[in-house]
Amino acid sequence: MSTYLSAENLGHQFHDNWLFKNVTIGINRGRKVALVGVNGAGKSTLLKILGGTIKPTEGKVVQARDLNMGYLEQDPNFKNAVTISDYIFHADDVQQQLIRRYEELMENDPENTKAIEKIMEEMSEVDAWEYEYKIKTILGRLDIHHLNQHITTLSGGQKKRLALAKLLIEDPEVYILDEPTNHLDIDTIEWLEKLLTEGNKTILMVTHDRYFLDNVCNEILEIDRGKIQPYNGSYGYYLEKKAEREAADEAAFQKNSNLLRKELEWMRRQPQARGTKSKARIDAYYDLEEKTKNGGIRDKVELSVKTARQGNKIMEMDHLYKSFNGNTYINNFSYIFKKGDRIGLAGKNGSGKSTLLNIITGALQPDKGSVVKGETTVIGYFHQAGITFKEDERVIDIVKNVAEFITMADGKTISASALLTLFLFPPAKQYGFISKLSGGEKKRLQLMSILMKNPNFLILDEPTNDLDIDTLNVLEEFLTNYGGVLMMVSHDRYLLDKLTDQLFIMEEKGHVRIFNGNYSSYRLELEEAKQQAKKPAPVVQTQAPAAKKSKLSFKEAKELEGIETEINNIEVSIKDKTAQLDTVGIDPKKLDEILKQIEVLNKQLDDKSARWMELTELNEG
């Protein structure tokens, strides 16, 4: 198997600290590898080195001759490109330049039929139409439409999607992807997932999206304490093997620690001037010391803060309307929040999710309707823009600006420094500058600042961006046990499935649909509806052909006549019961009763459908 890319004895320093040393990696054709590790471990730095944008402190990277490699950075560099067209289309690619002129004509001068016909003929001569369709599909799926738009006018998310579009159009031999799902909605992530798993693509990527990682990659490389640990398998396999390895490491660590204590006692017992100590034993002591000084299972982030007391009235949204530039994003939406609500917001980018959150927090006023917040409701809002930290501030000062002492969930009070330690900011980092933190560490600090205020109504807008998987696992554990109301916008399907049991789905024309269930349940319902729509409508014969004699008994024929009506009636009942679930402020007992009724009706529907198929096959056999 040919090696596209190899790294030998890589080592890299950042702010006088070694991120990793003696790292050797080989990326062969067809491998789909995910790079994982905690924030600050050096994942993005390693990708930059392999992608050729920075040089390692030591070691070297070797590429195959004439390798076509594509690298998607977290913050893409557009070099000298002014417009989207400049960036997407290569000046020396005949097909691409014809497609560029055709697309620009269609957008800016669609009445110029003579010029359009001429360019269409030229495209046919070089077989560019299939390529044009591919480019248009990729740009459309990534919501890129106006090719003359200046890149400087794009948002951070639009720039990331533009860089991804160029990479997919070029279809390189090696894809190096740093957080490819950031700024994509769930539909687009699922489309990208299919695209990357088609064919024999070679991929090395960093992503926090566990469903995406598990579906695309079949190999994991973990950066742990400056070393690379390989796992040949899916993300689920990696978790299983990592747990086994850590258990073995912990056992070895305990054994080494006990030996070290005994050796230390022996070293101390010996007279200082005595020169006859066993050299082998002294060497063994220092070897043990090396094994244990960084040992033990790596610390975990601990999120456990007090939640403010919540009264009976939490928040009521009454007939909300909101429009921008003639587009309606929220159209007559009402909801009364209940204790324990765990709500996910779903919908395409630009469908109004952040708009609804901003209305709830009071950052934005509705055009009509009202939001009434309960007196005891304390909102914590973790949003995409984040808190702007001053780069020359120290980490400890950020926390002390909120509070010197913090009350934890168990009622104990701890200092700002102690809380930072729980959040994996050791003393060396606490007194360091914000400028030295990674993007994920800044996000963790932002989250910590919000939780310190003890909110009982927590709103998370894309909380997973830039957080490592370890931190996400602990954040999920905290949110699973969180007693307040939780609202979340996330393109992370895993997170939505694990933490929410109800969805607000932002649909067209500002309609907000309330769905009882998690995201996978919603997608399953959509898929079933799509399959149902594909089925041809049953042909109902008002009169059976006289020539064909029924093979059923008289009783069975009568049963078949009536069973279709019964099935229709059951389906209507299920639809009615399901609609009742969307009733605002429904009593929990009533809700439970309706769910049980739906369960019984579904069982009846399965039984009747099975019997209908049995009788139909018997009659036609």
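**Helix pairs, cores and loops**

Visitor: At what angle do helix H12 and helix H15 pack?
Guide: About 20°. H12 covers residues 395-402, H15 covers residues 439-451, and their axes are 9 Å apart. Axes are lines fitted to C-alpha atoms, for helices over the stretch in contact, with angles from 0 to 180 degrees between N-to-C directions. Helices (H or I, at least four residues) and strands (E, at least two) are DSSP runs, numbered from the N terminus.

Visitor: What kind of model is this?
Guide: This is a predicted model: local features need pLDDT of at least 70, side-chain atom pairs count only at pLDDT 80 or more, and totals for chains, interfaces and linings use all residues. Residues are numbered from 1 along each chain as its sequence is written, and side-chain values use heavy atoms, with hydrogens and water left out.

Visitor: Back to that pair. Is H12 roughly parallel or antiparallel to H15?
Guide: The angle of about 20° makes H12 roughly parallel to H15. The cut-offs are under 35 degrees for roughly parallel, over 145 for roughly antiparallel, 65 to 115 for roughly perpendicular, and oblique for the rest.

Visitor: Left-handed or right-handed crossing?
Guide: H12 and H15 cross in a right-handed way. Right-handed means the near helix is turned clockwise from the far one by less than a right angle, left-handed anticlockwise.

Visitor: Which residues make the contact?
Guide: H12 brings Val395, Ile398, Val399 and Val402. H15 brings Leu445, Met448 and Ser449. Contact means heavy atoms within 4.5 Å. Six of these residues are nonpolar, one is polar and none is charged. Ala, Val, Leu, Ile, Met, Phe, Trp, Tyr, Cys and Pro count as nonpolar, Asp, Glu, Lys and Arg as charged, and the others, Gly among them, as polar.

Visitor: Next pair. How do H3 and H4 cross?
Guide: At roughly 155°, with the axes coming within 10 Å. H3 spans residues 94-108 and H4 spans 113-125. That angle makes H3 roughly antiparallel to H4. The crossing is left-handed.

Visitor: Which residues of H3 and H4 meet?
Guide: On H3, they are Leu98, Ile99, Arg101, Tyr102, Leu105 and Met106. On H4, they are Ala115, Ile116, Ile119, Met120, Glu122 and Met123. The count by class is ten nonpolar, no polar and two charged.

Visitor: And H3 with H5, at what angle do they cross?
Guide: Roughly 65°, and the axes come within 10 Å. H5 is residues 129-141. This crossing is right-handed. Gln95, Gln96, Ile99, Tyr102 and Glu103 of H3 meet Trp129, Tyr131, Glu132, Ile135 and Lys136 of H5. Five of these residues are nonpolar, two polar and three charged.

Visitor: Let's zoom out. How many helices and strands are there?
Guide: The protein chain has 20 helices and 20 strands. Of its 621 residues, 43% count as buried. Buried is under 20% relative accessible area, exposed is over 50%, and partly exposed lies in between (1.4 Å probe, protein chains only).

Visitor: Which residues touch the most other members of the largest nonpolar core?
Guide: Leu142, Leu162, Leu168 and Leu196, in a core of 50 residues. Such a core is a set of buried Ala, Val, Leu, Ile, Met, Phe, Trp, Tyr and Cys residues joined through side-chain atoms within 4.5 Å. Helix H6 (residues 156-170) gives this core its largest share, seven residues. A second, separate core has 41 residues, including Ile186 and Leu419.

Visitor: What does Leu142 contact?
Guide: Leaving aside neighbours within four places in sequence, Leu142 contacts Arg161, Leu164, Ala165, Leu168, Leu184, Thr188 and Trp191.

Visitor: How enclosed is H1?
Guide: H1 is residues 43-51, and seven of its nine residues are buried, so it is largely enclosed by the rest of the structure. Among the buried ones are Lys43, Leu46 and Ile49. Just after H1, Gly52 has a positive phi of about 85°.

Visitor: Loops now. Where is Gly374?
Guide: Between strand E13 (368-373) and strand E14 (379-382). Gly374 is buried, at 3% relative accessible area. Gly311 is 63 residues away in sequence, yet 7.2 Å away in space, C-alpha to C-alpha. Beyond neighbours within four places in sequence, Gly374 contacts Lys313, Ile314 and Met315.

Visitor: And Asn325, buried or exposed?
Guide: Exposed, at 79% relative accessibility. Asn325 lies in the loop between strand E10 (315-324) and strand E11 (327-336). Its phi is positive, about 50°, although Asn325 is not a glycine.

Visitor: What is phi at Asp66?
Guide: Near 55°, a positive value in a residue other than glycine. Asp66 sits in the loop between strand E4 (58-63) and strand E5 (69-72). Asp66 is exposed, with a relative accessible area of 71%.
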